[in-house]
Each structure stands twice: as C-alpha cells, then as structure tokens.
Amino acid sequence: MRVYPQSPRPDSWAAHRKRITRSWTLPFIHVEWIFEWAAFFLGNWKFLEVLEYLGSLSVLVAVIFYVSESGDRTMQRHFQAWQVINTAQGKGGSGGRIEALEELNADRVPLVGVDVSDAFLRGIRLQNARLARSNFSAADARNSSFRSSHFTDSDLHFANFRQGDFYGAVLDECDMSDADFSGADLTEADLTGAMLDRADLSNATLRGIHWQGIKSLSAANIYGVKDAPDGFVAWALKNGAVETQSADSSPPPQQPSP
C-alpha cells in the first residue's frame, strides 16, 4: 500500500500573495495554492485511506483465488487437450494433436491407450511418455522424439518413424511390422517380444538394443544398420531379415570431374 506523507497546512491566500514578486505568475500560483488546500483536505480524509487499504486487499484476494483455482485450470486444459485428440481420432492431418499430446505429456499425464492412427505427427516431442497400448498405426511421425518412452503392447504397424529418436524406448510386445525406422536412433531400446516383420531398419542405430527376445523380423530390412550388437546381424539374417539397399539408402552420385 502506498503511504502518502501528511501535507502541512497551507498559508492563507493573503499571506501567500505577499511572497509573490512577479505579478504575471499570480494566476499560476493561485491554481497551485488551490491544489495545496485540496491535497491538505484529502490527506485528512480517512475514507480515501480506507479505499487504499481495500485496493491492496483486493489484490491479495485475487492472488489467493488465482492460486487456489490453479488445479481447476489445469484440469480444464487437460480436458480440452483430450477433447482435441478424441475428436480427431481416426482422421488424417494433425488436428492440433501434436500440441495437445505434448502439453499432456509435459504435465506427466499418462497417454496409455491413446489412438493417433493415420495422424500427421511429424516432429512431435514425447520424451518419457507413457504410451502403453497406444495406436500409432499408419501415423506419420518422422523426425520425432520418443526418447525413454514406454510403448509396451502398442500398435505401430505401417507407421513412419524415419529419423526418429527412440533412445532407451521400451518397445516390448509392440507390433512394428511394415513400420519405417530408417535412420532412427534405437540405442538401448527394448525390443523384447516385438514383431518387426517387413520393418525398414536401414541405417538405424542399434547400439545396445535388447534384441534376444525379438518375436519375428521376417523380411525386415537391416541394410546399413549402425553399431549393431555382436551377433545381431547374423541372427537376423538367419531368421528372415534382408539387406536391401533402397533408393534412400543409396550414396549420392559422384559429380564428374571438370
């Protein structure tokens, strides 16, 4: 609250006028003298002081209500985000789902069972997300980050995760058949029980993956995989994987020398 110092009682106009040496300043000084008296009377008016207290109190009450209702506002935001996701379910395009999913995940809301099949989610960031039993089938999530996320028992078939970040992701029991993981980072990913039939793993980084429990990878393309664990490539080829150089995996053509 502002504190205004008590103004001294002004002199009478007669006493004040005696101190004026330049007559042309008389109108201005007279106006100032009137304001001095007005300030003096208002300064002694307790009603204004009460209003000042009430103004400060209203700010305090507003802050208290704002803090106390923060939980309700958060719930409202979450409700709106889920409404966006559910309304766009089964439809192509983004439909605001990227922002909605990222907001929910940032607030540590579980995304278990979320259905974003056929959605355009390119560049989405869902690190440490809880995505068990989710449906990403045929979704376009290129250049996205799912670092340390849990996809247990999820449907990822026909999804495009090209150049995605799955560092430390849990993909156990996932259907990853026909999915595109070309150039993706699967470092330390858990693929126990995963189905990788016809999946494109070309040029993917496989350092430290948990691969011994992979359920199947018939016709999976492992051309150019990087940092694969010892024995993985031989085991994969023995179990039906292939090494096919696709057009995207081909080195750039050499320019003729001048």
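**Burial and surface**

I started with burial: 35% of the chain's 258 residues count as buried. I'm working from a predicted model here. For the accessible surface I got about 15100 Å², with 57% of that belonging to carbon and sulfur atoms.

**Fold**

Next I went through the secondary structure and found 6 helices and 0 strands. Along the sequence that reads α-α-α-α-α-α. I also looked at contacts with a separation of 6 or more: 14% of them come from residues 24 or more positions apart.

**The core**

I then asked which residues touch the most other members of the largest nonpolar core. Phe136, Phe146, Leu171 and Leu186 do, out of 51 residues in that core. Helix H4 (70-87), H5 and H6 each put in at least two residues, and H5 gives the most, with 4 residues.

I followed up on Leu186. Skipping residues up to four places away in sequence, Leu186 touches Phe166, Leu171, Phe181, Leu201, Ala204, Thr205, Leu206, Arg207 and Ile209. Leu171 turns up in that list, and Leu171 is also one of the core residues that touch the most other members.

**Helix H5**

What is buried in H5? I noted Arg97, Ile98, Ala100, Leu101, Leu104 and Asn105. An α-helix has 3.6 residues a turn, so residues three or four places apart point the same way.

**Asp172**

Is Asp172 buried or exposed? Asp172 is buried, and I found no salt bridge for this residue. Arg133 is the nearest side chain of opposite charge, and Arg133 is 9.8 Å away. Leaving out neighbours within four places in sequence, I listed the contacts of Asp172 as Phe151, Thr152, Asp153, Asp190 and Thr192.

Val31, Ile34 and Phe35 make a nonpolar surface patch of about 300 Å². Val31 sits in helix H2 (residues 26-43).

Key
Residues are numbered from 1 along each chain as its sequence is written. This is a predicted model: local features need pLDDT of at least 70, side-chain atom pairs count only at pLDDT 80 or more; totals for chains, interfaces and linings use all residues. Side-chain values use heavy atoms; hydrogens and water are left out. Buried means under 20% relative accessible area, exposed over 50%, partly exposed in between (1.4 Å probe, protein chains only). Lys and Arg count as positive and Asp and Glu as negative; His and the chain ends are not counted. A salt bridge is a side-chain nitrogen of Lys or Arg within 4 Å of a carboxyl oxygen of Asp or Glu. Contact means heavy atoms within 4.5 Å. Patches are made of residues with over 30% relative accessible area and no salt bridge: like charges are joined within 9 Å, nonpolar side chains (Val, Leu, Ile, Met, Phe, Trp, Tyr) within 5 Å. Accessible areas come from the Shrake-Rupley method with a 1.4 Å probe; for residues, only the protein chains shown count as cover. A nonpolar core is a set of buried Ala, Val, Leu, Ile, Met, Phe, Trp, Tyr and Cys residues joined through side-chain atoms within 4.5 Å.
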